[in-house]
Amino acid sequence: MSEQMKTAKKPYYFKLGLMLSVGVLSLVSTGTALAQTGDGEDSARTLGTITVTATKREATLQDVPVAVSVVGEAEIEKAEIQDLGDLQSIVPSLRVGQLQSSANTNFIIRGFGNGANNVGIEPSVGVFIDGVYRSRSAAQIADLPNLQRVEVLRGPQSTLFGKNASAGVISIVTRAPQFESGGSVSASLGNYNAVRVKGDITGPLSDSVAFSVSGNLNQRDGYADDLATGNDVNQRDRWGVRGQLLFTPNEDLNFRVIGDFDQIDEICCVAGNLINGPTGAVIGLLGGQLDPENPFSYDVYNNFDSTNEIENSGVSLQADYEMDFATLTSITAFRNTSSQTNQDSDFTSAHLVQLNFNDTDIDTFTQEFRLTSNNTDGPIDWMLGGFYFDESVATETEFEYGPAFRGYADILTAGALDAVEAIVGGPTAVGTLFGQAGQGPAESFGQDNTAISVFGTVDFHATDRLTATVGVNYTKDEKDAYFRSVNTDTFSALDLVALGVAAGVPATVANDPTANPFLALAPLQFLPPFLNFPNAVEDGHSEDSETTYTLRLAYDISDNFNVYGSYATGFKATSWNLSRDSRPSSDIFIPGSSASIPPPPSSPIRDAGLAVNNLTTGTRLAGPEESEVFEIGLKASFDRVAFNVTLFDQTIEGFQSNVFTGTGFALANAGEQSAQGLEVDFTWAITDSFTLSGAGTFLDPVYDSFVNSAAGDISGATPSGIPETSTSLAGTYETTLSNDWDFFARADWQYESDTEFFDDPVNLALIAPGGYSRGIDVVNGSLGIVTPSGLGLSIWGRNVFDDQSITTAFPSVAQAGSISGYPSQPRTYGVTVRKVF
């Protein structure tokens with residue numbers, strides 16, 4: 001896309017939004033009625049009132065002056081939303097990406113988000129469950145029973161939610177224990193032998209203590225077949241339990257204790273071949289197989305199953321004490337996440353990799369205090385709070401070449417490794433030194449992270465209709481990271497410049513590939529020696545602090561209309577590159593071989609005697625993200641119609657980009673990434689029985705500045721993977737039959753425009769001939785009945801027309817010229833029986 005086109009497009013969304021806003025305001029000012037509020041106070045509203053806690057105060061969705069989407073319990077059930085991944089089908093601003101394992105899921109709001117594929121990177125989208133922060137995607141993706149609602153807050157939320165909400169927040173609220181006995185149980189059967197069971201029960205233990213217990217089981221065969229191992233891939237095997245106690249010793253004080261445990265044990269995730277490059281023929285020569293350029297066959301070939309074993313557990317205590325002037329809230333939580341994964345990373349049945357194991361353990365403690373004013377009659381509402389975060393991350397990894405890797409390297413180099421082995425170890429060493437099965441790195445890395453935040457907001461009600469809000473948050477974040485590696489890959493440790501000199505290449509030209517033939521082997525040095533840290537030059541410590549704030553004016557034009565304008569900033573702390581791709585920065589090390597003439601220049605790493613063969617520069621960390629957003633919004637609510645319009649201009653400076661390059665991940669700060677856009681949503685009760693709802697997000701994202709990306713300077717380019725248009729539309733018909741049975745039918749449509757797969761022009765050129773699409777055009781549907789006794793039966797289908805897209809593409813691991821990708825989930829359908837009592 002040309003720069004002229006980009007420049008021309010940016011004002012489009014603003015003009016459209018302003019036209020919509022002016023048009024609606026004109027209707028109001030001229031007295032044109034979109035809907036009537038009824039004949040009197042007793043007139044019932046057709047649309048229900050939705051309560052949210054987006055600003056940590058209870059308010060109705062239409063009254064809260066922030067950009068927020070809410071999915072309630074009834075919609076969750078009717079739409080058969082099983083996890084956060086399904087939520088994106090009805091919240092267009094949210095995108096959820098499932099990557100190479102069950103533990104790697106990426107949440108993106110308005111085109112901003114990260115956090116997968118590197119345990120050192122915390123997400124830019126914060127996920128909170130019952131007020132407790134979940135710091136990593138492995139702790140966020142479990143199925144949750146007894147959901148009450150899910151709130152998706154768009155844009156920076158650091159003022160109220162702290163350090164890692166620079167792009168937005170997903171707040172999940174489950175139902176608290178009730179003092180009236182009740183419960184529910186549901187069971188679903190579906191294709192791929194799917195079985196889902198959920199249940200919950202609640203009731204009083206005494207006049208002051210109530211309890212609830214809930215559980216869930218989700219099992220399904222995989223929709224992909226591994227023709228080499230004979231097992232299914234992308235299966236479901238998850239279960240969890242959750243117990244709660246609510247203690248209310250008096251009307252002013254209550255305590256809510258929550259304990260939970262969930263487990264995932266799955267073979268995941270299917271990666272198909274999109275572009276079969278020149279290395280595909282080599283795979284075949286070794287007896288390996290792949291299904292070339294046919295990802296939607298869902299047939300794959302691997303040497304071993306890619307396993308995922310994840311356990312999450314935690315306990316939290318929320319205490320609320322209501323005083324005359326304010327309510328004091330305390331939320332204390334301890335959580336643990338443990339995940340073990342092993343993956344056949346070459347995604348072929350050629351035994352190039354025999355082990356790629358990761359064992360991660362995360363322990364998290366959080367403490368929040370809030371004091372919220374109760375002065376409902378005065379002109380000022382306020383809130384003060386503090387948040388403490390203490391987390392330790394520990395990871396052990398092992399990577400080993402398989403028995404076919406040496407043959408693979410021999411074919412690619414025409415047997416050159418034999419000659420090198422003869423030079424290094426003599427004739428008896430030929431075929432025994434390099435690329436041997438079992439060679440590779442074993443690593444231990446992690447970090448300790450502590451952070452504190454203090455925050456406060458003040459709402460000044462200047463008049464009955466005008467409210468000014470000021471919010472401030474100060475956050476200080478400290479991390480101590482470490483990385484230790486032992487590597488037995490002898491070929492990757494070989495100094496090819498020194499080898500050339502030893503073979504007679506003049507040292508003055510030994511760095512020149514045209515003079516030193518051994519340098520042609522450098523692309524096979526996949527796993528070079530690692531410089532451990534902390535060391536004498538790098539202390540592994542980072543310390544960040546930032547003050548963020550929110551300024552907002554909200555005005556109630558009438559009882560039906562309100563408008564707001566806001567400016568907010570956000571903050572995300574430094575992320576450490578906890579991967580084998582971590583490298584010292586260029587300001588402390590200059591790469592080069594000491595065998596060359598002239599030798600490499602002096603640098604702190606080299607001067608300290610820490611330089612190892614083939615050490616290159618990169619990043620140990622990505623610095624903080626700082627975000628800002630300007631928003632203007634219009635909210636309207638009538639008996640039968642409610643709609644919202646938001647116009648925004650959002651920017652993140654130092655966006656933490658983590659991109660796979662084919663043999664590793666490149667972590668870097670983008671100078672600046674921005675998105676201007678328009679969001680609209682509506683609910684329209686056309687009749688007493690039929691409701692139409694829809695939403696749309698229209699974006700113009702751009703890298704304003706990204707000089708040091710893995711693909712070079714891509715400033716001015718459109719970021720890959722961010723659709724310019726995302727919409728959803730849902731229709732629900734509900735009626736009561738003659739036998740007093742309730743009947744419903746629902747259909748929803750999710751659309752996302754196509755986007756580029758890569759930022760790198762080289763990879764874009766590789767994948768272009770395949771004609772693949774990331775666009776989404778999915779229809780889901782359900783219909784059901786509920787008897788007066790609470791027994792319900794529903795039939796449902798997701799992706800009923802079997803739309804096909806590639807969710808993510810990446811350079812095939814160590815297979816230059818080939819591209820792999822994750823195909824979308826095919827059609828699923830089933831029947832659910834539910835009983836409420």
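1. Trp749 has a relative accessibility of 34% and therefore counts as partly exposed, since that class lies between the limit of under 20% for buried and that of over 50% for exposed. Tyr751, at 30% relative accessibility, is likewise classed as partly exposed. The model under discussion is a predicted one, and the values in the points below should be read accordingly.

2. Trp749 and Tyr751 also form an aromatic pair, with 6.0 Å from centre to centre and 35° between the planes. The geometry is tilted, because an angle under 30 degrees would be required for a stacked pair and one over 60 for an edge-to-face pair. In total, the count of aromatic pairs comes to 28.

3. Which residues are linked into a cluster by ring pairs? The members are Phe399, Tyr401, Phe405, Tyr408 and Phe526. Helix α6 spans 405-413, and the cluster members Phe405 and Tyr408 fall within that range.

4. Lys78 lies over the face of Phe744, and here the distance to the ring centre is 5.4 Å.

5. Helix α7 comprises residues 416-425, and its buried residues include Leu417, Val420 and Glu421. These three cover an arc of only 100° around the axis, which places them on the same side of α7.

6. Against which elements do the buried residues of α7 pack? Their partners are α6 (405-413) and α8 (496-502). After α7 comes Gly426, for which phi is positive, near 90°.

7. The model contains an open sheet of five strands with mixed pairing, in the order β3-β8-β9-β6-β7. The edge positions are taken by β3 (68-72) and β7 (132-134); each has a single partner strand, so one side of each is left without a neighbour in the sheet. From one strand to the next, the twist averages 20°.

8. Strand β8 covers residues 147-154 and strand β9 residues 168-174, and the two pair in the antiparallel sense over seven bridges. Val150 has Ile172 of β9 as its bridge partner.

Note on methods:
Residues are numbered from 1 along each chain as its sequence is written. This is a predicted model: local features need pLDDT of at least 70, side-chain atom pairs count only at pLDDT 80 or more; totals for chains, interfaces and linings use all residues. Side-chain values use heavy atoms; hydrogens and water are left out. Two strands pair if DSSP finds at least two bridges between them. Helices (H or I, at least four residues) and strands (E, at least two) are DSSP runs, numbered from the N terminus. Axes are lines fitted to C-alpha atoms, for helices over the stretch in contact, and angles run from 0 to 180 degrees between N-to-C directions. Buried means under 20% relative accessible area, exposed over 50%, partly exposed in between (1.4 Å probe, protein chains only). The arc is that of the directions from the helix axis to the C-beta atoms. Contact means heavy atoms within 4.5 Å. Rings of Phe, Tyr and Trp (its six-membered ring) pair if their centres lie within 6.5 Å; planes under 30 degrees apart count as stacked, over 60 as edge-to-face and the rest as tilted. A charge sits over a ring if NZ of Lys or CZ of Arg is within 6 Å of the ring centre and within 35 degrees of the ring normal.
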